[in-house]
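Here is a short tour of one protein chain, written for someone meeting it for the first time. Have a look at the picture, then read on.

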Amino acid sequence: MSEERAAGASEARDSGTLRSPVRPGTWASLKIRNYRYLWLGQAGHAGGIWMEQIARPFLVLDLTDGSATHVGGVLAVRTVPQFILGMWAGVIADSFDRRSVLLVMKTGAFLLNVGFVAILALGLLELWHMYAYAVVRGTFMAFDQPARMGLVPSVVPETHVTNAVALMSATQNTMRIFGAASGGILYGVFGATGAFALIALVYAIPVFSTYMLRVAPIRSGVARSASGLTGGLLEGLRFTFTHPAIRGVLLLSMIYFMFGMSFLQVFAPLFAEKVFDIGSTGFGGMTALMGVAALLASLLIATQQPTRLGVILPLMTAVFGAALVLLSLTSYIPGPAGFVIPFAMLAVLGGLQSAYMALTRSALLLTAPPRMHGRVFGVLTLDRAFMTAGGAAAGFLSDGIGVQPAQIAFGLVLIVGALAIFALAGDFRRSRAGAHFEVPESEAREPAGVVAER
């Protein structure tokens, strides 16, 4: 172990936390070669995802004569593989070479989108193709996140983890700005085939950048047999649900993903189509506005790196719910105010969403030992699968009682749930980023690719 890492570990053991003694510069992680390739892959992945999230709901609406139920349904089936496979994906990420796992997933996503474009171009698309596409894409995503996030501490030193995660979040939000705007414009001008053709092209970027990564595998001790993988899964579950800080983050994320994430996937296109009457191009503008605010929030996190996450995350979630309620209520105001004020709330939502994502991921990476990163993020992928229930409920409720009342109900549940966790989970409330864990000497080594580049 280097003197720098030994000193950091000693300080962590004395204080009970693992947090950076100094804050790296805002762009510090980008000076590391392997991180740049991981970052570039995230940029391509995020660009494709955001363009797809703009084009997909409008394609479903075109196919179904405006059915909100099917918009929510396609979103729901996309998260089913994450619900079923998420924890096993984490075990796979900890048991096999994470770079190889990620490369297979990126290649599969690229080929899937090429096939989807071919179906569109030939005029063969039916509604069931949308559901099938969503299931297969969700399967690739289930294995993507544990492997990708597990690679972060392997390509940057521990002092840069929050900075690295925040910069990846900033990249995602930059892609939200350009991807959302281009996705909406392309769909409006060139139709579904043009939009999804560009999406397929963008998905080639992560394939190249992941191939260029050079990262040594983490030794997890999990055997690559059926019994070994099952034992690894049980070990990961025990660790995840007995650690107060990790358990608190995951419980809060269940509420957030179920009642908060459905906004962009289901409610936002419905607001654009049925409340504001601005169509797919306007929806792209809404998403781009959220992306600008999210980008600024990500850069703030990269610079400041807050540690009191047991307090910050629940309160941030409650404020997110309040912003959803205000957006819905103010949309009833007649005249320009009923348009301007809700759009101001979109900026608040974008900033909060980005900050929440960056802080939860850095908290998990700093708190769990490297050999457990895949399994911890596998369980987080299970939390994301709560979008299944949230997306479906959002669609049904919007068709039943209207878009604004349904969004108000979801926002109120977010507020109550976040405040309940804040009040009742005392161990989580007192936790900081990087709660103490023992690092075996065999794992206490410089991340691959860092030593040679300092």
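With which residue does Glu235 form a salt bridge, the closest N and O atoms being 2.9 Å apart? The partner is Arg375. (A salt bridge here is a side-chain nitrogen of Lys or Arg within 4 Å of a carboxyl oxygen of Asp or Glu.) The pair links distant parts of the chain, with Glu235 in helix α8 and Arg375 in helix α14, 140 residues apart.

Before going further, note that this is a predicted model: local features need pLDDT of at least 70, side-chain atom pairs count only at pLDDT 80 or more, and totals for chains, interfaces and linings use all residues. Residues are numbered from 1 along each chain as its sequence is written, and side-chain values use heavy atoms, with hydrogens and water left out.

Helices (H or I, at least four residues) are DSSP runs, numbered from the N terminus.

## Salt bridges

The structure holds eight salt bridges. Here are three of them:

| Pair | Closest N and O atoms |
|---|---|
| Arg371 and Glu235 | 2.9 Å |
| Glu235 and Arg375 | 2.9 Å |

Take Glu52 and Arg78. Glu52 sits in helix α2 (residues 33-64) and Arg78 in helix α3 (residues 68-95), so their bridge ties together parts that are 26 residues apart in sequence. Both Glu52 and Arg78 are buried, where buried means under 20% relative accessible area, exposed over 50%, and partly exposed in between (1.4 Å probe, protein chains only).

Now back to Glu235, which also pairs with Arg371. Arg371 lies in the loop between α13 (337-367) and α14 (373-384), while Glu235 belongs to α8 (residues 226-242), 136 residues apart. Arg371 is partly exposed at 22% relative accessibility, and Glu235 is partly exposed too, with 25%. Arg375, by contrast, is buried, at 3%. Through shared partners, salt bridges join Asp94, Arg98, Glu235, Arg371 and Arg375 into one network.

## Two packed helices

Helices α2 and α7 (residues 204-212) pack at about 165°, with axes 8 Å apart. Axes are lines fitted to C-alpha atoms, for helices over the stretch in contact, and angles run from 0 to 180 degrees between N-to-C directions. That makes α2 and α7 roughly antiparallel (the term for angles over 145 degrees). On the α2 side, the contact (heavy atoms within 4.5 Å) includes Arg33, Tyr37 and Leu40, and on the α7 side Ile205, Pro206 and Phe208 are among the residues involved.

Technical notes: Parallel < 35°, antiparallel > 145°, perpendicular 65-115°, else oblique.
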